[in-house]
Amino acid sequence: MLFCYSCGMALSEKSYCTSCGADVGRYKKILYMSNRYYNRGLEKAQIRDLTGAVEDLRQSLKLYKRNTQARNLLGLVYFEMGETVNAMAEWVLSQHFQKDKNIATDYIETLKTNAVLLDTINSSIKKYNQALNLCKQDSLDVAKISLKRVVSNNPRLISAHLLLALILMKEEDYSGAKKELILVRRIDRGNITASRYLRMAEENLNTDSKRKKKSSENAVTIQSGNDIIIQPNTRKENSFLSILLNVLIGLVIGLLVGWFVLGPIRINIQKTEENKELADAYEEINLKNASISTYMQKIDSLQYQYDTLNDQLNAYEGANGALEGYKYLLLAVEEYSKGEAADKNVIAQYLDKIDKNGSEKLSETEFVEVYNMLKTSIGESVADTYYENGFNAYRQEDYITALENFKKAVEYNPENVDALYYLACTYLANKDYDNAKYYFNTVINLAPESELGNKAVNYIAEIDAK
Amino acid sequence: MIDFENELKKFHPSPEVDDVEDVVNGHDLTDMVDFIVRTVSDAEE
């Protein structure tokens, strides 16, 4: 069933949409072509011509990107070729275009739930990339060892097989290369690179075998003119001296072979072992680097937790911490609990210290209630003391001390008219007219008919006149 | 005979699982249908 690209309604056999009238002739043709390419791709995938299938399926999607079947099959083909990430990308896109009843969802879920498989695939891809880098740095021995492990862990990874075959051909190990290429052809018959490498490997293998055959033939057949002389492989030696001579020559040749042939072989074996050890060491270094990175992240995380906890601890402890506040509150309560013998000024001093410390640090509601209760209970008495101290300082024209004491007096008893009046007077003496006016107004509001109230009215008039 | 250096240049690093998002975002999703729709709407305008 086809749907109109313009209005989304089902299309009939007509070349226009019977619902909105849009011209859908060319649109239909494109969709048919997309399906045709999909069918071709499917046929090729069925006979394991995966490269050909990829080409057709991509063509199908280039025509119509919402062809879900083509996209899902393309993902499957990529997965079969070991290109898991490309496969996942296609399935994710397929899900994006068709959210319901889409097999791509199952494919993705299968991969997601099989963490071991996904980890193995990813690890082999990483090792393949490392091996490719090693090849570019001319470390072919290490790359070869690494690639052998990759193809053993992830036999589908075609690019790893091909790279390994290329290295083997470079080392003239054509039979080894041929084995790898046959494995590639089993996965993907249409792989052009594998076919090309295989043809060259076979050509070289044939040349080698012909050369060997020819040299063995040369050893027994000698042609002289029209006559063919067949030389026997063994000759009879009758002389004891010649036997001894041959033995000596054999010994010398043996020693030379030992020196010139076995020596390099031994060195080569040693080198291979060293390379293997080097590859293991590289792998170990990579693993350790990953562990170090993980530990560093853990250290950072722990350091952050440590700093946070330290900050919290500092907030509780120390000269300005909440604990300090609780300490003074307890001392104030202890003094208050003495009953009539309690010195309210001492309690006030403790409460002062809490205030300086920041009373908002008493985070618990119960402590705040105790603090407020203490302040209320000693309020009037302490306010009077502060007022007296302030008044004495005011008379001596020590306005700074006076201001501090009057403020405290007002804080403990906000309706102490005398303290409010002299606080206003102190502000006036300090030429802080705004505050002076504010407190004179408070006096007028609290005691409008009093003497202080009248004086306050006069002062406000004076301030306004300025 | 195979030229190893030239052949090696044809090999590229394979994307890793962490790169799926980049691979998806890197897809060119413009298709022939988009082209037709755009052409038809341009013609109508």
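Buried residues make up 30% of the 466 residues in chain A; a residue counts as buried if 20 or more other C-beta atoms, placed from the backbone, lie within 10 Å of its own. This is a predicted model, in which local features need pLDDT of at least 70 and side-chain atom pairs count only at pLDDT 80 or more, while totals for chains, interfaces and linings use all residues. Residues are numbered from 1 along each chain as its sequence is written, and chains are lettered from A and ligands numbered from 1 in the order in which they are written.

**View 1. Chain A has 19 helices and 2 strands.** Helices (H or I, at least four residues) and strands (E, at least two) are DSSP runs numbered from the N terminus. Two residues are in contact if their C-beta atoms lie within 7 Å. Among chain A contacts between residues at least 6 apart in sequence, 44% join residues at least 24 apart.

**View 2. The largest nonpolar core has 65 residues.** Such a core is a set of buried Ala, Val, Leu, Ile, Met, Phe, Trp, Tyr and Cys residues joined through C-beta atoms within 7 Å. Which members touch the most others? They are Leu57(A), Val77(A), Ala131(A), Leu163(A), Ala165(A) and Tyr197(A). Helix α8 (residues 158-170) of chain A gives this core its largest share, 10 residues. Domain 1 (25-113) and domain 2 (120-207) of chain A each supply at least three residues, with domain bounds coming from an automatic or database domain assignment. A second, separate core of 37 residues includes Ile354(A), Tyr371(A), Tyr394(A) and Cys425(A).

**View 3. Helices α8(A) and α9(A) cross at roughly 160 degrees.** Helix α9 covers residues 174-187, and the two axes come within 8 Å. Axes are lines fitted to C-alpha atoms, for helices over the stretch in contact, and angles run from 0 to 180 degrees between N-to-C directions. The angle therefore makes α8(A) roughly antiparallel to α9(A), a label for angles over 145 degrees. Their crossing is left-handed, as the near helix is turned anticlockwise from the far one by less than a right angle. Residues of α8(A) that take part include Ile158(A), Leu162(A) and Leu168(A), and those of α9(A) include Tyr174(A), Leu181(A) and Ile187(A).

**View 4. Ala143(A) sits in helix α7 (residues 140-153) of chain A.** Is Ala143(A) buried or exposed? Ala143(A) is buried, because 24 other C-beta atoms lie within 10 Å. Leaving aside neighbours within four places in sequence, Ala143(A) is in contact with Ala131(A), Leu134(A), Cys135(A) and Ile167(A). The C-alpha atoms of Ala143(A) and Leu164(A), 21 residues apart along the chain, are separated by 8.3 Å.

**View 5. Chain A meets chain B through 31 of its residues, which contact 22 residues of chain B.** Helix α6 (115-136) is among the chain A helices that each supply at least two residues to this side, and α6(A) gives the largest share, 9 residues. Helix α1(A) packs against helix α3 (residues 32-44) of chain B at about 175 degrees, with axes 10 Å apart. That is why α1(A) is roughly antiparallel to α3(B). Here Arg26(A), Tyr27(A) and Ile30(A) meet Met32(B), Val33(B) and Ile36(B).

**View 6. Helices α15 (residues 379-395) and α17 (residues 417-429) of chain A pack at about 35 degrees.** Their axes are 10 Å apart, and the crossing is left-handed. Among the residues that meet here are Tyr387(A) and Phe391(A) in α15(A), and Ala419(A) and Tyr422(A) in α17(A).

Methods: A residue is buried if 20 or more other C-beta atoms lie within 10 Å of its own, exposed if 12 or fewer, and partly exposed in between; C-beta atoms are placed from the backbone. Angles under 35 degrees count as roughly parallel, over 145 as roughly antiparallel, 65 to 115 as roughly perpendicular and the rest as oblique.
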